[in-house]
Structure formats: C-alpha cells, structure tokens
Amino acid sequence: MTTAVELRGVVVRYGAVTAVRGVSLAVERGAIHAVVGENGAGKSTLMRALYGLVPLAAGEVRVKGEPMARPSPEAAIARGVGMVHQHFLLAEALTVAENVVLGREPRRRGLLDVAGAEAEVGALAEEHGLAVDPAAPVGALSVGERQRVEILKALYRGADVLILDEPTAVLSPPEVDDLFAMLRAHRDRGGTVILVTHKLDEVMAISERVTVLRRGEVVGDLPTRDATPEAIVRLMVGRDLAGPPERGAGPMGDVRLSVEGLTVRGSLDRVSLEVRGGEILGVAGVEGNGQTELCEAITGLRRADAGIVRLDGADVTRASPARRRALGLGHVPEDRHRRGLLLDLSLAENLLLGRLDEYTRFASILDRRRLAADAARLLERFDVRPADPAAPARSLSGGNQQKVVLARELSLRPRVLLAAQPTRGVDVGAIERIHAELDGVRRRGAGVLLISAELDELLALADRVAVLYRGRIVATLPRAEADRERLGGLMTGATAQQAAVQP
Amino acid sequence: MSRTRIGRIGDGSRKLDSGSRFEISRSVPVLLPPALALLVALAAASLLVVAYGQSPLHVYRLFLDGTWGNAYGIGQVLFKATPLVFTGLSVALAFHAGLFNVGAEGQLTLGAFATGLVGAALPPATPAAIALPLAVGAGFCAGAAAGAVPGALKAWRGAHEVIVTIMLNFVILAELSDLGKRFYDRESVHTAHVVAGATLARAGAFFPSLRGSALSGAALLAAATAIAVWWLLQRTAAGFRLRAVGLGAEAAATAGISVARQTVIAMALAGGVAGLVGANAVLGYKGYYEEGFAGGVGFMGIAVALLGRNHPGGIVAAALLFGTLSQGGLAINAVVPKEIVEVLQAVIILAVAVSSATVRRQAAQLATGARA
C-alpha cells in the first residue's frame with residue numbers, strides 16, 4: 001500500500017499559541033483513517049494545515065509522495081484532496097448542481113450549461129450513492145442532504161482523499177448509516193478518507209487506523225483492531241473517565257416548569273410537558289424538529305402563537321426573557337456562539353451577561369473588582385482552561401466555552417435549567433464535567449429540561465425521555481422503557497403510531 | 001425575535017477588529033492604519049501641490065505655521081475640532097450598539113436650534129449657573145428626541161436606521177427652515193441673541209494670545225463628553241448593555257437584555273451628544289442659531305468615528321486632525337486652492353477604510369510567521 005497523505009513534523013502557531021507541535025502522520029491510500037482528540041487537541045487545525053488553510057510554521061505536507069511546496073486549498077484540490085467542513089459553505093439560493101459546479105461550471109456558448117451540470121452531478125451522485133436531487137435548491141435541503149452536496153463538491157473536483165471534520169455531529173442515526181456506507185464504498189473503490197471525530201463508536205465502526213492527538217501532539221497511532229474505546233479515551237484525556245454520574249434518587253419535587261399546548265406556527269404543534277424538581281426530562285429528536293422554537297418559546301425569546309408556559313406555577317407566557325431569568329429559569333442555548341456568549345468580550349464580561357444587576361452599584365457603576373474575583377473563582381470551580389477572567393471568549397475551545405456558559409447559568413442557582421444540546425462539539429473530558437453538573441442541578445432539587453440529539457446523553461442522564469418529531473411530542477418514555485432502537489424509531493417517525501403517547 | 005436579525009451595519013468592520021484584538025500586540029495594528037493613511041494622503045497631496053507649480057515643503061510649512069505654529073492657529077484648530085468630537089462620539093455611541101447613525105447632521109441642527117431658542121428666551125438676568133445647563137440641556141434633549149425616533153422605528157417596526165436617519169436629516173432641515181421664520185430676527189436667518197448668562201466664555205478672555213479665536217468653553221465640554229462616553233461604555237451596566245447588543249444582539253437577548261430598548265437608548269444618546277454641538281456654535285461662537293451653520297459636521301462625524309476606531313480617545317485625536325486640516329486649508333489658500341485639503345481629507349478616509357483590513361491581515365501573518 002502507498003501513502004495518500006503524509007505529514008512530517010508539522011507545527012502550526014496562532015500568534016503565541018502553538019496549536020500543533022510537530023505532528024507526523026501517514027494516511028494510507030484506500031483506508032479510512034480516524035483522527036481523534038479532545039477539543040483544542042489540534043485535530044481541526046491539523047486538517048486545516050493539511051488542506052492549506054493555515055500556514056505551517058514548520059514541517060511538510062506530502063500528497064501521494066510529493067511534497068507540497070506552497071500549501072493552499074487550490075493546491076490541495078489539484079492533488080485530489082477535498083475537505084468537507086463542519087460548517088457547510090453553500091449558497092442557499094442556488095441548486096445542488098449549481099453549488100457543486102460553482103467555480104468549474106460547464107459552459108455552452110459562454111453560458112452556464114444548466115442541463116449539462118445537472119446531468120453530470122446527478123451521475124456523480126448516483127455513482128457514489130449520495131441520494132440528492134441535483135435540481136433542488138440547497139435552501140430546501142435537510143442538513144444531511146447538504147452534507148452530501150459538500151461531499152459532491154469535493155468529488156466533482158476530482159478528490160480521492162476526503163477530509164471530513166466532525167461529519168456526524170448534525171446527522172440523525174439513519175443518516176449516519178448512509179454516510180458510512182458511502183464512505184466505505186469510496187474506500188473500496190481505492191479512495192482515502194480522513195475522519196475527524198470525537199465519537200469513539202464511529203472510530204471503532206468504520207476506521208482501519210486511528211491517530212489520537214492530545215495538546216497538539218500525537219499520543220497514539222494504531223490499527224483500530226488493536227484499539228479499545230477505553231484505551232483511546234485514556235490516550236485522549238490522559239486519564240480514565242469516571243463514567244456516567246451515579247444516579248442517587250433525588251427528591252422528586254413539585255412541578256417547576258409546565259408547558260401546555262405550546263404552538264409556534266410551522267414549528268411546534270401543541271407541545272405539552274412537565275418538569276418536576278429533582279428530575280431531568282430529556283427531549284430527543286433529530287435537529288430541526290422544533291427544538292430551537294421550543295427553547296425560544298420557553299425562554300421568552302419568541303412569542304408562542306398559542307399555549308401556556310408556567311414557572312413554579314406562575315404564568316410567564318407573556319413575560320420577558322429577563323423576567324423569566326429573574327424567576328429562576330437558567331438557559332444553556334444550543335448555539336453558544338450566537339446566543340450563549342459574546343465572543344469578543346472577556347470571560348469575566350461573559351459571566352456578567354445576564355447577571356448585571358448583581359454587580360451594579362449606584363448610578364449603574366459596575367463593581368469590576370468583585371466581578372473579577374467572582375469570575376476567577378467561578379472559572380476555577382468549573383475547571384475552565386485558561387481560568388483567566390481577562391481571556392477573550394473566542395480564544396477558548398468549544399468545551400471550555402460551554403463550561404463558561406454553564407458556570408454563568410448555574411451561578412444564578414436556577415430552579416429550572418433548560419439545557420439545549422449542551423455537549424455539542426464538546427470533547428469527552430468536558431462532556432463528563434457537563435454531565436456531572438447537570439446531574440448536580442437535579443440533585444439540588446431543580447428541574448432540568450435536557451434537549452439533545454445524542455441518545456447516549458439522554459439515556460445516561462434523563463429520568464424520562466420525550467421524543468420531538470415534526471414539532472410534536474410523539475411519545476414520552478420512562479427511562480426504563482427507553483432504549484436506542486425505540487427512540488431512534490420514534491425520532492425518525494418510523495414508529496410514531498405504535499408508541500403510547502403519555503401526558 | 002425576527003426583528004433582532006435585521007442586518008446591522010458595522011458588524012463587518014467589527015469582525016476585523018476582533019481577530020487581532022488579542023493574538024498580536026495591541027498597539028501596532030491599531031495605530032498602523034491611521035499612520036499609513038496619513039502618509040498616503042500626504043504623498044497624494046504633494047503630487048497635487050507640485051501640479052500647481054508649488055513646492056510641497058513650502059506649502060506644508062505654511063500649513064503648519066497657520067495651525068499649530070501660533071496660539072491663534074491652535075485656538076482655531078480646537079474650535080473646529082470641537083463639533084467633530086461631538087458628532088464623532090454620536091456616531092460611535094450608536095456603533096457600539098450595532099447601529100449606524102447617519103443622522104447626526106439633523107440631530108445637531110435641531111439641538112442647536114433648541115439651544116438658541118432656550119438661550120434667548122431666558123430672562124436677561126439669568127445667572128450662568130442656570131442659563132448654561134438649561135440651554136445646553138435643551139440641545140441635548142432635542143437631539144435625543146431626533147435620535148430616538150429612528151431608534152424607536154427600528155426597535156418596534158424594523159425600519160433600518162440608516163434610511164430613517166438619512167431621511168430625517170432632510171425632514172429636520174426643511175422643517176426648521178420653515179418653522180424658523182417665526183423665530184428669526186427680522187430679515188435674517190438667525191434667532192435672537194442668547195442672554196448674557198447663556199454665552200460661553202471665549203478662551204481669549206483668559207489667554208490674551210488667543211484673542212480673536214472662536215475657541216470657547218465648549219471645547220472643555222467636548223473633552224468632558226469624550227471622557228463620559230468612555231466611562232459609560234466601559235464602566236457602567238448601562239454601557240455594557242449597549243455594547244452587548246452591538247456585539248451580539250441574540251446573545252444579549254438571551255441574557256435578558258431588551259434589544260429594542262437598547263436600540264432606542266443608543267440612538268437617543270447618539271442624538272443627544274450630537275445636539276451638544278449647539279454649545280460650540282451657538283453659545284460659544286455666534287451667540288444665536290443660524291440656518292445652515294452645520295455645513296456637514298454631522299457627516300464628518302462618521303469619518304471621525306471611523307478614523308478614531310470608535311474609541312473616545314481616538315475620536316478626539318481624529319477630530320483634532322480634521323480640525324487641523326480645515327484650519328490649515330485657510331492658511332495655504334494664498335498659494336494653492338484650499339480644496340487640496342479636502343482632497344487630503346478624502347484620501348485619509350479612503351486609505352483608512354482600505355488599510356485597516358489589509359494592514360491587520362498582514363500584521364497577523366507576520367505574527368504567525370507565515371512565509372507568504
């Protein structure tokens with residue numbers, strides 16, 4: 001076997017920070033190679049370096065045996081390397097075919113040959129088992145379909161080496177199966193896949209070889225058949241994980257949050273649920289089935305068209321977000337970059353967000369000294385790295401950013417915590433910590449509404465799991481009756497009719 | 001909350017700011033663009049001067065002598081910088097809340113009109129301690145009202161503030177020119193003279209060498225306003241709310257900050273600060289409100305805020321630069337057309353707009369050790 005891609009002693013620096021420290025890595029042709037590591041371990045940076053998106057401070061990238069003199073995306077594409085980004089770069093108003101051929105349009109008499117493009121893209125999609133309509137506008141596609149368009153873009157440009165950065169983070173279980181089938185077919189045809197992920201079951205299921213990064217260095221590189229998930233985690237984190245939090249039977253309290261017939265036109269259809277103190281109610285569902293609207297309607301960021309929201313019995317349906325916060329509603333938003341944090345501000349200022357009144361003295365003057373002291377203590381307690389109140393939020397890894405959001409929301413001592421996708425894009429070490437904190441909130445007697453697309457997370461934490469499908473709660477299962485197959489079926493609408501709908 | 005998603009002008013340039021805010025040394029990328037802009041502009045102006053058959057060195061000499069070369073020149077520079085500080089701060093305040101205030105011209109005109117009316121309507125014996133705050137306060141309130149209207153339209157009806165503020169400029173100027181007739185002195189386009197207590201002392205009264213200069217206590221008010229704006233933004237909860245909305249309206253809303261309310265507050269404050277211009281022109285210089293006195297100072301505030309990077313200190317510096325250019329234009333008028341200075345101004349603004357992006361990118365590459 002020959003090498004498809006080889007990195008030799010690659011170093012990448014961002015200013016004073018060295019993100020990748022002398023990584024050497026060889027990816028064989030015709031293999032699926034997994035790159036794993038905690039957030040901030042440098043795996044995305046390494047891939048960006050390989051694809052020519054960030055400059056190398058030292059080292060060399062070789063593609064098919066030849067060194068790349070001046071790494072750039074253009075050069076990478078020319079050598080047959082294609083990258084599928086975590087965040088898709090697609091023009092929504094254009095069709096699938098137009099997006100795919102963009103920049104390399106087939107022309108006829110100087111004009112874009114639309115029919116030709118659609119035929120070509122359609123044939124390519126068929127060949128690779130990527131089910132997507134070339135004539136459909138991208139704006140109308142699901143997340144999974146958009147990902148297929150991104151893959152098609154790479155294939156159209158002749159890529160045989162595909163780099164996929166966290167490709168399954170946004171997919172439903174059946175979509176993951178489809179993606180993996182496609183990747184296996186690509187490999188069997190002699191193609192190469194580099195899969196960046198933090199999900200170990202995926203590593204075990206699909207890869208031939210796995211490279212583990214920690215703090216910018218390779219700490220393990222071995223054939224997958226010689227690896228166990230436990231061993232990989234130990235390499236990633238540098239220690240053993242504690243496992244899911246122990247389930248002490250917390251006191252089941254009064255109803256903290258109740259939602260009745262909540263309706264948002266086009267997104268939510270008469271959703272009713274109750275969260276008691278000392279309970280975690282999970283909401284399962286593939287993204288885009290009304291989770292965002294449910295959060296926004298409960299927190300007051302969006303006006304519901306019908307229905308009632310009660311906090312501790314008080315009707316807050318028309319109350320402002322500030323009022324709901326004052327009544328004890330904590331919120332870990334699903335999009336921490338847009339809703340959770342102000343990335344340009346310091347950690348201290350982000351901890352201040354939503355707690356301004358506590359730090360305001362007369363005449364609106366901020367008590368900056370007390371804020372800095374409290375921020376330092378909070379960052380320390382939540383093990384945020386770096387625990388520097390003056391560090392800009394943007395400079396932190398995803399896991400540490402999420403810990404900052406959680407620290408802020410928990411410091412409000414919420415009576416109800418609404419946590420939406422709290423561990424999305426977060427590394428295993430931070431996931432462990434976030435899960436422990438959520439369970440701590442429950443033990444303290446508060447209610448937790450945990451909205452998640454991760455079944456493992458729901459099964460580990462929730463007392464009951466409600467399934468949201470097309471804006472409706474199609475079932476609410478007690479934990480004992482919830483298992484992956486049953487939830488997976490409900491989430492995709494396959495078994496909606498068979499499940500007993502409980503109040 | 002669809003209203004909060006309306007595109008916010010200024011987001012683009014802020015993104016340029018944020019990248020280099022921490023990774024590289026702070027001062028270099030912040031100061032390099034204005035310095036480069038000035039150099040480019042000087043080079044362009046030199047070419048023009050040569051084209052007029054004059055020696056650039058001679059012209060620059062005249063320029064410096066007429067501005068920072070003597071006390072009168074300095075006084076005039078400060079006098080001309082004063083309104084620019086107010087309008088620059090006005091634009092910056094709105095900008096920090098993610099809003100683009102193109103209405104400073106109308107706001108300052110309405111404010112100055114109110115200042116003139118109140119200043120003239122007071123009993124002649126009103127002491128300065130009462131007359132000044134009333135006249136200046138009237139300017140602030142009138143400007144704030146003119147700013148609050150586009151703020152409210154944006155907050156509750158989603159009307160883009162750029163369009164509304166531009167249109168409001170026309171409305172205010174036209175209405176005042178009609179309404180003003182009822183208040184103007186006979187056969188003039190200005191209001192009655194303000195009472196003695198409402199006039200701001202000229203600097204010449206304290207420093208004989210500044211005699212003849214229009215510099216007045218308004219310059220001190222401008223400096224104090226710059227400090228107050230900095231303090232508001234950086235040290236108070238009210239300022240934090242404004243900045244939070246500007247940096248991320250959705251995150252601010254999630255944290256319980258009312259974006260609509262902050263939008264109105266920011267625009268009202270911006271209008272109010274613009275309304276302080278009347279202190280300089282009405283109370284410190286002419287003694288009355290005169291139609292058309294603003295002459296584009298409100299629009300220049302946008303350039304001042306851009307050059308000063310929306311920081312109060314930077315705005316004072318930029319206002320001084322533009323004040324110098326404006327005064328220097330008069331000094332060189334005898335040898336070359338003073339319009340050269342306007343070319344200089346325009347080139348500086350263009351160069352800053354272009355260089356702030358490019359310079360920062362290159363500085364960032366140098367810092368990361370790129371070979372490109």
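Reply: Two strands are said to pair if DSSP finds at least two bridges between them, and the strands themselves are DSSP runs of at least two residues, numbered from the N terminus. Please keep in mind throughout that this is a predicted model.

The part to look at is a sheet in chain A, which is open and made of six strands in the order 18-19-20-15-21-22, with mixed pairing. If you follow that order to its two ends, you reach strand 18 (329–332) and strand 22 (472–478) of chain A, and because each of these has a single partner strand, one side of each is left without a neighbour in the sheet. From one strand to the next, the twist averages 15°.

Strand 15 of chain A, covering residues 280–284, runs parallel to strand 21 of chain A, covering residues 464–469, and four bridges join the two. To find your place in this pair, look for A:Ala284, which stands opposite A:Val467 in strand 21 of chain A.

Helices also pack on this sheet. Helix 9 of chain A (residues 291–299) touches strand 15, strand 18, strand 19 (416–420), strand 20 (447–452) and strand 21 of chain A, and the direction of helix 9 makes about 155° with that of strand 19 of chain A. Helix 15 of chain A (residues 428–443) packs on the sheet as well, touching strand 15, strand 19 and strand 20 of chain A, while the direction of helix 15 makes about 150° with that of strand 20 of chain A.

To place this part within the chain, note that chain A is divided into domain 1 (3–237) and domain 2, which consists of two stretches, 255–340 and 414–491. The centres of these two domains of chain A, taken over C-alpha atoms, are separated by 33 Å.

Conventions: Residues numbered from 1 in each chain as written. Chains lettered and ligands numbered in written order. Predicted model: local features only at pLDDT ≥ 70, side-chain atom pairs only at ≥ 80, totals over all residues. Axes fitted to C-alpha atoms, helices over the stretch in contact; angles between N-to-C directions. Contact = placed C-beta atoms within 7 Å. Domains from an automatic or database assignment.
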